[in-house]
2 protein chains.
Amino acid sequence: MLRKTWREKYEEGIREKGTLLTVGLDPTIESMPKEFWGEGGVLDYLKVVVDLTHENAIAYKLNSAFYEVMGEEGIRTILDIKRYINSKDSSILTILDGKRGDIAHTAEAYAKSIYEKGGFDSTTVNPYMGWDAITPFYRWEGRLTIVLVRSSNPSGDELQMWGEPPLYKHLCKMIVERDDRYDLGAVVGATHPKELQVVREILGRKRAILVPGVGAQGGNAEAVLRAGEGILLINVSRGVLHGWKDDEWPTGVARAAERYAMKMKVDQVERFM
Amino acid sequence: MLRKTWREKYEEGIREKGTLLTVGLDPTIESMPKEFWGEGGVLDYLKVVVDLTHENAIAYKLNSAFYEVMGEEGIRTILDIKRYINSKDSSILTILDGKRGDIAHTAEAYAKSIYEKGGFDSTTVNPYMGWDAITPFYRWEGRLTIVLVRSSNPSGDELQMWGEPPLYKHLCKMIVERDDRYDLGAVVGATHPKELQVVREILGRKRAILVPGVGAQGGNAEAVLRAGEGILLINVSRGVLHGWKDDEWPTGVARAAERYAMKMKVDQVERFM
């Protein structure tokens, strides 16, 4: 059986679910009820989260840091939860958010680890080393390699806005020049709706933009929907995972996902394809 | 017992060994004799490499990619070989080359994973997200957080040379403004001796510069020694690990390390402190 491309999964997802919500599976002690704090608890916890959110999400994004910090168990958990997600819903997108960036020889090892061994549909990459660092990922046709362009954190400006035109625009032009398959995308923080619009104009509608920063980081979903029309994935991590805290476990997580899915509701799917 | 700072270890190392050689422990199938290709073989292979090189090296640098690609075994191997290195030589520097960079919340998880759980003396970080992404590492006093400034790969120019003054210089100035403990360093590829000199001038002699790219990537050790005077770590990975190929296993590795240690020989240690 041929593996579905990221684009096929995305299109299926928004047609079926009518939302752009991507849930960030970033397990931390604070995000988990105490009953999951023991050995093996993280996986059990994530399974419950997936059970309660997958009908309202078109993608899951796993930030590698929160798994690495658990050592071996973390690495095992990445693979286990990835398999679990796909057993629930074979066409939901899985993104490993690792922001890797290294020389070609090394980037190949990262790409192999994420796309081949991990079987992820997508990953994020850091562009600081230039095209060399991106090619080993880009080589994987049908996978979505998302370049970190404009980050949601306060000091993101320091390098990303350097020069004239600013670095992030220069980077977007590089992406367009080199990607003729539309398999590259961009990360743009929700806290920068103006620049999201600029990035969208340069990349066109057919390239994916992943927008983190809605929820805990203060980004506004409505502004993102307006500025980002085209292939769009909007990520919420803490906003969903901590959803049980002012509510109850586990239904509070389901309700939070539902609320965010509504905020990112897509009435005319063509606008986001 | 108080943990030694990275600087104490560095100073001990060059006084005792009289070289700046840092050995890159990047295990790949091609670097290992066939007898090590089975389960658990990587660790055994690395132990032999450490046995035969540690008297000629002041530091070991482990590039995370080559371990991650092995999954759980890789993560276990990072910790096991780190412990093995320190059992052989408690003051040799250990650098986890991960080039991580993410928003503060996430970078904290990476820093914890590398400095606390891993117990490494040093790590490399990617600056594309700005100061936010560096602070969680920098907070660890006595550890050396090395910022990727100027990489050795051909397309490194694309972002690093952007703007006027070029981005990498702007970044060096940021480092100097913010680091009053001299615990930040810079990665500068051996293929850029001219820019190595510029970075050294901005950072001063007391900040560490890690120079990869000697050996397989074509950088010249002599030029690096001239341009980089001050705290300096010169990394060779494939040049040492593949040393047995035109020679014999395992003595070829020992001989390669010896040759590189000689090329990076320090006669007047004060010039590199």
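This is a predicted model: local features need pLDDT of at least 70, side-chain atom pairs count only at pLDDT 80 or more; totals for chains, interfaces and linings use all residues.

A disulfide would be a covalent bond between the sulfur atoms of two cysteines. I then looked up two cysteines. A:Cys172 has 0% relative accessibility, so I put it down as buried, the cut-off being under 20%. B:Cys172 also sits at 0% relative accessibility, so it counts as buried.

**Helix α4 of chain A.** Next I checked residues 72–88 of chain A, which make up helix α4. I counted 17 residues and a reach of 25 Å from first C-alpha to last. That is close to the expected 24 Å. Which residues of α4(A) are buried? I noted A:Ile75, A:Ile78, A:Ile81 and A:Ile85 among them, but also A:Glu73 and A:Lys82. Within chain A, the buried residues of α4(A) pack against α2, β2, α3 and β3. They also pack against α4 of chain B. That took me to the interface.

**Chain B against chain A.** The contact takes 55 residues from chain B and 55 residues from chain A. I got a buried area of about 4800 Å², with 58% of it from carbon and sulfur atoms. How many salt bridges are there between chain B and chain A? I have eight. I looked at one pair, B:Glu158 with A:Arg178, and found the closest N and O atoms 2.9 Å apart. Elements giving two or more residues to chain B's side include α3, α4, β3 and α8 of chain B. α5(B) gives the most, with seven residues.

Notes: Residues are numbered from 1 along each chain as its sequence is written. Chains are lettered from A and ligands numbered from 1 in the order in which they are written. Side-chain values use heavy atoms; hydrogens and water are left out. Buried means under 20% relative accessible area, exposed over 50%, partly exposed in between (1.4 Å probe, protein chains only). Helices (H or I, at least four residues) and strands (E, at least two) are DSSP runs, numbered from the N terminus. The expected span of a helix is 1.5 Å times one less than its number of residues. Contact means heavy atoms within 4.5 Å. Buried area is the accessible area (1.4 Å probe) that two parts lose on being put together, summed over both. A salt bridge is a side-chain nitrogen of Lys or Arg within 4 Å of a carboxyl oxygen of Asp or Glu.
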